[in-house]
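Please look over the sequence and the 3D structure first, and then follow the notes below.

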Amino acid sequence: MDLLNTLVDKGLRRETPTREEALAVLATSDDDLLDVVAAAGKVRRHWFGRRVKLNYLVNLKSGLCPEDCSYCSQRLGSTAGILKYTWLKPDQASEAAAAGLAGGAKRVCLVASGRGPTDRDVDRVSDTIKAIKDQNDGVEVCACLGLLSDGQAERLRAAGADAYNHNLNTSEATYGDITTTHTYADRVETVNKAHAAGLSACSGLIAGMGERDEDLVDVVFALRELDPDSVPVNFLIPFEGTPLAKEWNLTPQRCMRILAMVRFVCPDVEVRIAGGREVHLRSLQPLALHLANSIFLGDYLTSEGQAGKADLEMIADAGFEVEGADEVTLPEHRAAAVAGGGCGSHAAAGGCGTDAESAGCGSHAGGGICGTAEASAPAEPRTDLVAVRRRGAGTDLAPNA
């Protein structure tokens, strides 16, 4: 198949696909799905072997957010019955992180709801980073605190943060339909601040919010331009009590095509299957490991995930292995750039550029596969798979890790 052969060749060279080629991947039929997975899997294995990086979320402050992001259970006006609590103390956060690290995670993602941190909040998170790093040698810490003000990224870096997450979520053209209390440009600015401070930038998207194929391609190409080291791909979790509660647009096959498209556009980047994998990929989760090289272990911010033990068994049964704490996630050319105090070079030949709870038919001009708009339609909403988190951080119950 000409399209897939072309995309594999480009992926191995870190060369950017055309928009038409990316759209053609999304437009392929379910009959061609295994061919698409096999092709994208070659690119994934070339850059990351059979390693799977495990990440663990700690929700430092849950709910009570003044922003109106339509996908979020913590948003202003949300009636979702989620846990709500103010800042965890550093020792509480460190204890929560320890559970994930014991389960095999090598990165801890510290997340807090809100528009962005105050300087006092940065102090709190800095103390938490120190507590986690003092008790766990070699752990990576990523902060996700919203929009950053000048100097805050540098302070987080000085406190020991390794990375900063701030997702673009959707295309610039549709961003105003999803959120009105801040702009797409605000998000881009925060990712650039993380880059400038020497933090490894983490930025991704949310699929399933009613967007077109063109919007998915737009946001992934925008991410490539921003050049993050990791790209989380979230699948919308339609929480009751949020504006997008009725948006059940995804099938497991469509999720796989989206992951493949991201891998082709961002071949040498840590592609992470993030929020919503259990809800939308379901029994195809093991197959998705041939596309992504990173997942979250256990639960998410406000929803429960697959049991941590089941995650580990899934990885082993699919023929993959958990990435060790002493292994470098990124390919050598990107890892060297991070070690030098910055993320991947924007000038590199094709180098590509938290979580969703926090998230049309393409052109065939790329040739090769005859895509079809008649792929399987979404099944009945699986509301039974959306379970509000009632354990772990902010509770007295043991975490899922």
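Which residue just after helix 4 takes a positive phi? Glycine 104 does so, with a phi of about 115°. The model is predicted, so that local features need pLDDT of at least 70 and side-chain atom pairs count only at pLDDT 80 or more, while totals for chains, interfaces and linings use all residues. Residues are numbered from 1 along each chain as its sequence is written, and side-chain values use heavy atoms, with hydrogens and water left out. Helices (H or I, at least four residues) and strands (E, at least two) are DSSP runs, numbered from the N terminus.

**Helix 4 and its surroundings**

- Helix 4 covers residues 90-102, and its 13 residues reach 18 Å from the first C-alpha to the last, close to the 18 Å expected at 1.5 Å a residue; the expected span is 1.5 Å times one less than the number of residues.
- Ala93, Ser94, Ala96, Ala97, Gly100 and Leu101 of helix 4 are buried, where buried means under 20% relative accessible area, exposed over 50% and partly exposed in between, with a 1.4 Å probe and protein chains only.
- Seen down the axis of helix 4, the buried residues fall within an arc of 165°, so they line one face of the helix; the arc is that of the directions from the helix axis to the C-beta atoms.
- An α-helix has 3.6 residues a turn, so residues three or four places apart point the same way.
- On the other side of helix 4, Asp91, Glu95 and Ala102 are exposed.
- The buried residues of helix 4 pack against strand 1 (51-61), strand 2 (107-112) and helix 5 (119-135), with contact meaning heavy atoms within 4.5 Å.

**Strand 2 and its partners**

- Six of the six residues in strand 2 are buried: Arg107, Cys109 and Val111 point one way, whereas Val108, Leu110 and Ala112 point the other way.
- Strand 1 and strand 2 run parallel and are joined by six bridges, where two strands pair if DSSP finds at least two bridges between them; arginine 107 in strand 2 is the bridge partner of asparagine 55.
- Strand 2 also runs parallel to strand 3 (residues 140-144), with five bridges between them, and valine 111 has cysteine 144 in strand 3 as its bridge partner.
- Strand 1, helix 4 and strand 2 form a right-handed β-α-β unit, and strand 2, helix 5 and strand 3 form a right-handed β-α-β unit as well; a crossover is right-handed if, with the strands pointing away from the viewer, the path from the first strand over the helix to the second runs clockwise.

**Strand 8 and its partners**

- Strand 8 (residues 270-273) is covered on both faces, with Glu270 and Arg272 buried on one side and Val271 and Ile273 buried on the other.
- Four bridges link strand 8 to strand 7 (residues 230-235), and these two strands run parallel, with valine 231 standing opposite valine 271.
- Strand 8 is also joined by two bridges to strand 9 (residues 294-296), again in parallel, and arginine 272 stands opposite serine 294 there.
- Helix 10 (residues 252-265) takes part with strand 7 and strand 8 in a right-handed β-α-β unit.

**Cysteines**

- A disulfide is counted as a pair of cysteine sulfur atoms within 2.5 Å, and by this rule the count comes to zero.
- The sulfur of cysteine 72 is 6.2 Å from the closest cysteine sulfur, in cysteine 69, which is too far for a bond, and cysteine 72 is buried at a relative accessible area of 6%.
- The sulfur of cysteine 109 is 4.9 Å from the closest cysteine sulfur, in cysteine 142, again too far for a bond, and cysteine 109 is buried at a relative accessible area of 4%.

**Individual residues in loops and segments**

- Aspartate 227, in the loop between helix 9 (213-226) and strand 7, has a phi near 65°, a positive value in a residue other than glycine, and is buried with a relative accessible area of 0%.
- Arginine 282, in the loop between helix 11 (277-280) and helix 12 (285-288), has a positive phi near 50° and counts as partly exposed at 25% relative accessibility.
- Proline 399, in the segment after helix 14 (332-339), is partly exposed with a relative accessible area of 32%, and touches Tyr56, Ala99 and Gly392, not counting residues up to four places away in sequence.
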